[in-house]
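Reader: I have a structure open and would like to go through some of its features with you. Could we take them one topic at a time?

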Amino acid sequence: MRIKSAPTGLEYVKERIAKIVADAVTRLKADGTLPADAQPAIIVERTRDRAHGDFACNIAMMLAKQAQSKPRELAEKIVAALDTGTQVARVEIAGPGFINFFLGPAAWHSVIGEVLTQGEVFGRSTLGAGKRVQVEFVSANPTGPLHVGHGRGAAYGAAVADLLEAVGYEVHREYYVNDAGRQMDILATSVWLRYLELGGTEFDFPSNGYQGDYVQDIAATLRREHGDSYQHSAEELFTGIPADAPAGDKELHIDALIERSRQLLGDNRYRYVFELGLNTILDDIRDDLGLFGVNYQEWYSERSLVESGAVNKTIERLRHSEHVYEKGGALWFRSTDYGDEKDRVLVRDNGQSTYFASDIAYHMDKLERGFERVIDIWGADHHGYVPRVKAALEALGDDPGRLDVLLVQFAVLYRGGEKVQMSTRSGEFVTLRQLRKEVGSDAARFFYVMRKCEQHMDFDLDLAKSQSNDNPVYYIQYAHARVRSVFRQLAEKDLVWNREAGINGLDTLTEAHEDALLVKLSRYPEILESAATNHEPHQLTHYLRELANDFHTYYNAHTFIVDDATLRDARLALIEATRQVLSNGLHLLGVSAPDTM
RNA sequence: GCGCCCGUAGCUCAACAGGAUAGAGCACCGGCCUUCUAAGCCGACGGUUGCAGGUUCGAAUCCUGCCGGGCGCGCCA
């Protein structure tokens, strides 16, 4: 979903309270009660318990020492200095010195009008206006289809990116395509070997080759396009090649096969097989992610970095930095100077630069493209990689503080209470495509972001699939559909909702359930801001669950389509606003908001 | 062995830059459909926040040390 602009100049309830407190602090500084140089952070929080009011401020406890006063006594002075205006009904001092604010109903009513007039833009803010941030995520090697592990990175990265955009950042979503390394050569060779098998050549497929069915499919395409013209015999292929495991070394074996493939095919035809494999898989990944609601501004090629000379340029720059030395014929980066565990190789003794070298060049390029913040979303198994990348950026004179690496822990799938076994080597992994097909894109997107990224996740396939009350996705979607259903009922009864009358008649909403719903709706912008800045989309999933809960409760307790037109219009305004917020939140997570279920 | 992440109700997880009586869902038990979708609602049960110290007005949250689990420690990518 693309939404161009966020509203400007909005001031949410919480901010109004913070401002009232800040003004009081200024007054107390002026009269000497507080030291003039005090720079307190005004923290206003939603209370957990409404017996403590709607908002609480702990400022008196924070400043007590500086003011040489007891927290509660200072709290009283602050309260005396408050200019609360019309929306605050009551202020109380409680516990160790909290200042609790009780708001009147009118304070919440404005929220409904804002939601209804702003529609799908409601909740968005300009917090990050003018700042560019890059989010790089998934970036799986294009050597096979995405599996469920990548799915979490995809759902999480997309949600983080969309949230940042929602609070005003200009977001650049990027997929780094590792199209240059040895793995790609293994893929190309695997494809060609399968092609040879299809042509009747018999041999043992290398244990280190790519085993999946998709390799056979690509080989079949090659045969369809070129017939027998790429065919060679097993003798040509294997004569002089070192043995495969278990007798020999599987790495030496596959490397020798890659070399032999190059010789036998020649540069052009080898290139052709290579490109066919790469493009087929990349197209598949792009399609897969697209159907998952995950889209990018840019697919950035590693090879383009190598070919443009950027990698060599980076190596040269590092060479002049005094953090680089030669040992054993290889070129090393002394990352231990920056706290890394050991030094890292930039250029191997065979003259080939490492993946690490390209990655330094890539990150340097990111920073030079002028993003205020660069966010990498990696699998947790790459955590050891963070220090060396930051070290290299520092050695190059860049600020590693601009790079945030968010590590996503693994998701373990459960089916029928049993852990789903996955082994990449046999090609028997569960692909993202299979997961989408099994549980649907909505459930998969939602489940993947229900946990904060550093939490190990148990993904219950049965639960995600179940169309029951245990499933939070359906629970929230059902709330949305229910509102739509109410309006369909309204039409069947030949009644029309008067929106303006509803907004003007909000005073008639005096039920506790209505109050709870109003308060919950007013929190939405705060949730977005917090979820975005903390990179925690799970906050939004929990919020939506709570909002749906408040709605279902209200639905069961009261009838909306009542005879009293004023009350009816007001109630419909409230539930339509609820529907809008549910819809906005779900869309940010890449989940649909259905009209019927 | 070293490093990173995690440890909260029987299970899966929350707890908003340390806040007040640690909250939800599931499971189990008991209620609610002649009224807008019961894919729903209400109630009950459930805790020494892994253990032991420390920091302060106040700790699940910060620090130290243990215990337990995951991941990583290549001239692979």
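Reader: In what order do the three strands of the open sheet come?

Author: In this predicted model, the order is S8-S9-S10, with antiparallel pairing. As a general point, the strands of a sheet are held in pairs by backbone hydrogen bonds, in either a parallel or an antiparallel sense.

Reader: Which are the edge strands?

Author: They are strand S8 (324-327) and strand S10 (344-347), each of which pairs on one side only. From one strand to the next, the twist averages 45°.

Reader: Over how many bridges do S9 and S10 pair?

Author: Strand S9, residues 330-333, pairs with S10 over three bridges, in the antiparallel sense. As an example, Trp332 has Val345 in S10 as its bridge partner.

Reader: Let us turn to aromatic residues. How many aromatic pairs are there?

Author: The count comes to 28 aromatic pairs. One of them joins Phe333 and Phe356, with ring centres 6.4 Å apart and planes at 40°.

Reader: Why does the pair of Phe333 and Phe356 count as tilted?

Author: Planes under 30 degrees apart count as stacked and those over 60 as edge-to-face. The planes of Phe333 and Phe356 stand at 40°, so the pair is tilted.

Reader: Where in the chain do Phe333 and Phe356 lie?

Author: Phe333 is in strand S9, while Phe356 is in helix H12 (residues 355-368). The two are 23 residues apart, and the pair links distant parts of the chain.

Reader: Is Phe333 buried or exposed? And Phe356, buried or exposed?

Author: Phe333 has 0% relative accessibility and therefore counts as buried. Phe356 is also buried, at 5% relative accessibility. The cut-off for buried is under 20%.

Reader: Which residues form one aromatic cluster with Phe333 and Phe356?

Author: The cluster also holds Tyr338, Tyr355, Trp378 and Tyr385.

Reader: On to the backbone. Which peptide bond is cis?

Author: The bond from Ala245 to Pro246 is cis, and its omega is near 5°. Pro246 sits in the loop between helix H8 (234-238) and helix H9 (250-291). In general, most peptide bonds are trans, and most residues other than glycine have a negative phi.

Reader: What is the phi of Ser139, and where does the residue lie?

Author: Phi of Ser139 is near 45°, a positive value although the residue is not a glycine. Ser139 belongs to the loop between strand S5 (132-136) and helix H5 (148-166). With a relative accessible area of 13%, Ser139 is buried.

Reader: What about the phi of His535?

Author: His535 has a positive phi of about 55° and is not a glycine either. His535 is found in the loop between H19 and H20. Its relative accessible area is 14%, so His535 is buried.

Reader: One last topic. How much space lies in the second largest pocket?

Author: The second largest pocket holds about 780 Å³ of space. It is lined by 29 residues, and the closest to its centre are Lys14, Arg46, Arg523, Glu526 and Ile527.

Reader: Which elements give two or more residues to that lining?

Author: They are helix H1 (13-30), strand S1 (44-46), helix H19 (512-533) and helix H20 (538-557). H19 contributes the largest share, nine residues.

Reader: And what is the lining of that pocket like by class?

Author: The lining of the second largest pocket has 14 charged, 10 nonpolar and five polar residues.

Definitions and conventions:
Residues are numbered from 1 along each chain as its sequence is written. Chains are lettered from A and ligands numbered from 1 in the order in which they are written. This is a predicted model: local features need pLDDT of at least 70, side-chain atom pairs count only at pLDDT 80 or more; totals for chains, interfaces and linings use all residues. Side-chain values use heavy atoms; hydrogens and water are left out. On a 1 Å grid over the protein atoms alone, a cavity is a set of points where a 1.4 Å probe fits but cannot get out, and a pocket is an open set with protein on both sides within 12 Å along at least five of seven lines; lining residues have an atom within 4 Å of a point. Grid points are joined across faces, edges and corners, and a volume is the space filled by probe spheres set on the points. Helices (H or I, at least four residues) and strands (E, at least two) are DSSP runs, numbered from the N terminus. Ala, Val, Leu, Ile, Met, Phe, Trp, Tyr, Cys and Pro count as nonpolar, Asp, Glu, Lys and Arg as charged, and the others, Gly among them, as polar. Two strands pair if DSSP finds at least two bridges between them. Axes are lines fitted to C-alpha atoms, for helices over the stretch in contact, and angles run from 0 to 180 degrees between N-to-C directions. Rings of Phe, Tyr and Trp (its six-membered ring) pair if their centres lie within 6.5 Å; planes under 30 degrees apart count as stacked, over 60 as edge-to-face and the rest as tilted. Buried means under 20% relative accessible area, exposed over 50%, partly exposed in between (1.4 Å probe, protein chains only).
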